[in-house]
2 protein chains.
Amino acid sequence: MQKKVTDEDLSGEKFIPNISVDIVIFGFHNRQLKILLLRFKNTSLYALPGGFINEEEEDIEEAVERVLTERTGIKDIYLEQFGVFGSKKRAFGETHKHIHESAGKTTELNQWITQRFVTVGYYALLNLKDTIPNPDDVSDFCGWIDINEMPTLAFDHKSIIEKALESLRMMLDLKLAVFNLMPESFTMNDLQSLYETILGKKLQRTNFQRKMLSLGILERLDKHWTGGAHKAAYLYRFDKNKYNEMQKEK
Amino acid sequence: MQKKVTDEDLSGEKFIPNISVDIVIFGFHNRQLKILLLRFKNTSLYALPGGFINEEEEDIEEAVERVLTERTGIKDIYLEQFGVFGSKKRAFGETHKHIHESAGKTTELNQWITQRFVTVGYYALLNLKDTIPNPDDVSDFCGWIDINEMPTLAFDHKSIIEKALESLRMMLDLKLAVFNLMPESFTMNDLQSLYETILGKKLQRTNFQRKMLSLGILERLDKHWTGGAHKAAYLYRFDKNKYNEMQKEK
DNA sequence: ATTTATTGTATCAATATGATACAATATTAG
DNA sequence: CTAATATTGTATCATATTGATACAATAAAT
């Protein structure tokens, strides 16, 4: 959702009015799918990272990349635009006033932010371990929240997240973007649990393994001893070179 | 792209600034896929139907529906949002000036339309026969143009159309929206040629027929005599009831 | 040494898809 | 009227994909 106006914003930068971007940043850790959320200062209200588009200098996607870097500390992140939210009810003046006051701001709330906004939804897929979550100036928390433990979300961010997940689900087998969520090396079981949380259903282990191996994009590494009382699983690595060759052939 | 400002617009209606909608309206006739285009007065410049969003009263989709009805005369059309185009280069002041002058307008060109616009792309699927294409006040032509004979298009409408087609192609087997393009009754061959133009490749007749029949949503009607020196083909009808039952089971 | 949990692979059945064959039939040519 | 021709509907076979089950390998605990 719309990032609040900082001092920088007020001095010079000019945003396209009435348009924001919101980013559903997915990460994967401990076999759980997570989303990066902000919490507004002195509230229990959470929200998606978001921002506005610099009128002179930025494509929409560039604005998204800027916000992504601000919140996660990293660049070159897998991005997908999944929808626009333009209901006439998308004017959140009261909520913004509340957030503004809770943050202890003494200045007058900028009028423009209370107007109706159309927001463009993007989702990002990244390796959670690489990130250093960083709150903005109206948030006191920025961090990873499990997809199954969503807190109260501001604005219409709940439905934006649902749409993002649905979109991710549809793309799962078409693109192989899911590997952006995985660490450098992982076991089949790790990968399977990611697929299962995204799809929201259990998959059959042996057939899943067959399918993944037949993609021809996984490089097998050393075995991985868990300490468990059983055979060790292999680690795999997503092989970008093989993937690129595959894409060329299409 | 952005519809030009009419007298109505100037008197009272208030649009969200910097945002437009553009609609790729698909129709199918004579075994050819067509798009509804406008041609600006006294030019050979074509463009997609489009418009702006009433700030007080309209969801984005409602604005799209309004424009659709204005240009085609019909309501309740299948709609799908396929993308947002927000390049920083999307400011078309010079083109608008040219269109404005060619249309013989003596008034000053409204400044707001020369600014940067973010446009939301929708595609619509409808039965071409039901429509009465209707130009707007800066166009002298509104009609169906074959997808393979695209004229020079204004703004970035060429790439918007390409993206729409790509999106339609991806959705082809996921949804069964394609039937919105067909007339009340049609032969398998008609349907196949539609699939072939969308996919841009030939399909095998017998297997296509098997696939369509196995969907369980086609009702077989009488035979259809073409006058050709061969067996008559059956006509089929898309059975909405069967389709709805199918969806419920999912 | 035996037990247990998990892994990698093989295999068989059920489906789906690609390719080909062929009978049915509406018209035209002779 | 008969034969030729083009197109349609359906069947069938081979191949590929997917679902379900079996089983041997093995790391640690008993």
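1. **Before you start.** This is a predicted model, in which local features need pLDDT of at least 70, side-chain atom pairs count only at pLDDT 80 or more, and totals for chains, interfaces and linings use all residues. Residues are numbered from 1 along each chain as its sequence is written, while chains are lettered from A and ligands numbered from 1 in the order in which they are written.

2. **Chain A as a whole.** You will find seven helices and nine strands in chain A; helices (H or I, at least four residues) and strands (E, at least two) are DSSP runs numbered from the N terminus. The C-alpha atoms of chain A fill a box of roughly 65 × 40 × 30 Å along the principal axes. Of its 250 residues, 35% count as buried, that is, with 20 or more other C-beta atoms within 10 Å of their own, C-beta atoms being placed from the backbone.

3. **Contacts in chain A.** Two residues are in contact if their C-beta atoms, placed from the backbone, lie within 7 Å. Among contacts in chain A with a separation of 6 or more, 74% join residues 24 or more positions apart.

4. **How the copies relate.** The same surface serves both, since 100% of the contact residues of chain A recur in chain B.

5. **Around DNA strand C.** Which residues come closest here? Of the 21 that surround DNA strand C, they are Thr206(A), His230(A), Tyr234(A), Ala229(B) and Lys231(B). A residue is near a strand if its C-beta atom, placed from the backbone, lies within 6 Å of it. The largest share of this surface, three residues, comes from α6(B).

6. **Around DNA strand D.** Again there are 21 residues, and Thr206(A), Lys231(A), Thr206(B), His230(B) and Tyr234(B) come nearest. Here α6(A) gives the largest share, three residues. By class, the surface near DNA strand D has seven nonpolar, 11 polar and three charged residues; Ala, Val, Leu, Ile, Met, Phe, Trp, Tyr, Cys and Pro count as nonpolar, Asp, Glu, Lys and Arg as charged, and the others, Gly among them, as polar.

7. **A last detail.** Just after α5(B), Gly200(B) takes a positive phi of about 70°.

Terms used:
Buried ≥ 20, exposed ≤ 12 C-beta atoms within 10 Å, placed from the backbone.
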